[in-house]
Amino acid sequence: MGDSRRQSPTPPAFLSRLLGGRTTTILEHLPSAPAFWRSPVRGVRFTAVLGLVLLVGITVLFVTGLLSYAAYNPDLNPVNDKTPDKGLLGFYLFAWPTGPHWLYRLTQGVHVTLGIVLVPVLLAKLWSVVPRLFALPPARSLGHALERISLLLLVGGALFEFVTGLLNIQLEYLFPGSFYPLHFYGAWVFFAAFLAHAGLRAPQAVRVLRSGGLSGKVPDDPLESPAPAPPTLSRRGALAMVGAGSLVLLITSAGRSFDGPLRRLAALTPHGAAEPGSGPNGFQINKTAAAVGVTSADTGEGWWLTVSGPAGDLRFTREQLLAMDQYSAALPIACVEGWSTSDQWWRGVRLRDLAALAGYPDDVPGVLVESVQRSGPFRRAALRDNQVRDPRSLLALQVNGEDLTPDHGYPARIIVPAAPGVLNTKWVSRLTFGEL
C-alpha cells in the first residue's frame with residue numbers, strides 16, 4: 001500500500017510568485033499534492049467497505065460501553081459516581097439487573113474484545129482517507145469548514161477512545177486523570193462526530209458498493225490517485241489482510257473474556273494466557289493484597305465485620321459468620337479490563353440475611369461496602385437494593401470448598417451476580433445498610 005510521489009497539478013499563482021517559480025517542485029513533495037498519494041488501493045469503494053464495518057462495530061462498542069457505565073450504578077451513590085458532572089448524559093441510566101448472572105461478563109467481554117478486533121479496521125480506514133486531511137485549501141466554504149472540523153473530531157475522538165481503552169485493558173494508566181471520565185466524555189464527543197459522519201457518508205457508501213462492487217470504477221473518485229503506482233496488492237487482498245489482522249487479534253485476546261479453547265491462546269491480554277496457580281483459589285485476580293497494602297495485621301485474628309443499620313452497629317468475627325446459615329452460588333468475576341473467570345463456587349452469608357440482622361427483615365435496602373484497603377477508587381462501593389435482595393449475593397468466606405486466600409479477599413469479600421468485578425469488594429470490614 002506504499003505511496004510515492006509524482007508531479008502535482010499546477011500550483012496556485014500566488015504560491016508560484018511567492019516561491020519564485022519553484023512551487024511545482026516543492027509542492028509535489030508535499031502531502032497536499034494529490035499525486036503524493038500513489039497507492040492504487042485507495043478509493044471510495046475500499047473506504048466504503050471499511051466504513052460500513054466500523055458503522056456496525058462502533059455502534060456495538062458504544063452501546064456496550066454505556067451498559068458498562070450503567071452497571072457501575074453511578075446514579076446510586078456518589079461513592080460509585082466517577083462522573084458527577086455528567087448532567088443529561090446520564091439520561092439512560094437504569095437499575096442494573098442481577099440476572100442472567102453472566103450479563104456483565106458478556107457485555108464487557110464483547111466491548112473489550114470487539115474494540116481490540118476493530119483496531120486493524122480503524123487503522124486501514126484512517127490510512128484510506130488520510131489524503132483528505134492534507135487537502136488544500138483547508139476550507140472552501142463555511143459548510144466545508146464545518147465538515148473538516150467534524151472530521152478532525154472524528155479522527156481525534158477515535159484515536160483517543162481506542163488508545164485510552166487499550167491502555168486501560170493493559171493496566172498502563174499513562175493518561176492524565178481518571179480513565180472513567182476521560183473515556184466516558186470522550187465517547188460522547190466521538191460518537192456524536194461518528195453519527196454526523198455516518199449520516200452523511202453511509203448512504204453514499206451503500207450506493208457505491210451496490211453500483212459496482214469493490215473493484216468497479218467511480219467517476220471523479222476523490223480518493224483515487226491521479227498517478228497510481230503499479231499495483232502490488234488488490235483491494236480484495238488489502239481487505240483480506242485487514243481481516244486476517246482482526247482474526248489474529250480475536251484469537252489472541254477473546255479467551256480471557258470467554259471460556260473455551262481460546263483461553264490458552266490469549267497471549268495479548270494483560271494477565272497472560274495461563275491461570276495464576278492451581279487449586280481452588282487458582283483463578284485470576286486483578287490486584288494482590290500486597291499490591292494494595294493489605295497485610296495480615298488487617299485481616300488476622302483482630303479482624304471483625306461491622307454491620308450497621310437501624311439495629312445499631314453489630315460486630316461479627318469470622319468464626320461467628322461461619323456459624324451462620326451458609327449458602328452457595330456459582331458466579332464469575334468479570335472486570336472492566338475485559339478479563340473474566342469461569343463460574344466459581346462461592347460460599348458464605350447472604351447479604352439479605354445480614355440486612356435482616358441490621359434491622360431490615362422485609363424491605364431490604366442498598367448497602368455501602370467498605371474494605372480494610374486504605375486507598376484506591378473502589379475501596380468503598382455501593383450496591384443497589386435489588387443486588388442485596390438476590391439470594392446469590394453473598395458475603396463470601398470460601399470459594400471452591402476452601403477458605404479464601406488473602407489475594408482473593410480473605411477474610412470476607414462481596415460476590416454479586418452480573419456486577420462488575422470492582423463492586424465485588426475484597427477484605428470487607430463494614431456493611432452499612434440503608435437508603436443510599
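Student: Taking a contact to mean heavy atoms within 4.5 Å, what share of the chain's contacts with a separation of 6 or more comes from residues 24 or more positions apart?

Tutor: Such residues account for 70% of those contacts. This is a predicted model, in which local features need pLDDT of at least 70, side-chain atom pairs count only at pLDDT 80 or more, and totals for chains, interfaces and linings use all residues. Residues are numbered from 1 along each chain as its sequence is written, and side-chain values use heavy atoms, leaving out hydrogens and water.

Student: How many helices and strands does the chain have?

Tutor: There are 12 helices and 10 strands, taken as DSSP runs numbered from the N terminus (helices: H or I, at least four residues; strands: E, at least two).

Student: Where does Ser246 sit?

Tutor: Ser246 lies in helix H8, which covers residues 235-251.

Student: Is Ser246 buried or exposed?

Tutor: Ser246 counts as buried because its relative accessibility is 10%. The classes are buried under 20% relative accessible area, exposed over 50% and partly exposed in between, with a 1.4 Å probe and protein chains only.

Student: Which residues does Ser246 touch?

Tutor: Leaving aside residues up to four places away in sequence, Ser246 touches Val117, Pro120 and Val121. Val121 is 125 residues from Ser246 along the chain, yet their C-alpha atoms are 7.5 Å apart.

Student: What does the side chain of Ser246 reach?

Tutor: The Ser246 side chain reaches the backbone oxygen of Val117 at 2.7 Å.

Student: Back to the whole chain: what percentage of the residues is buried?

Tutor: Of the 436 residues, 50% are buried.

Methods. Contact = heavy atoms within 4.5 Å. Polar contact = N/O pair within 3.5 Å; in protein donor to acceptor, adjacent residues only side chain to side chain.
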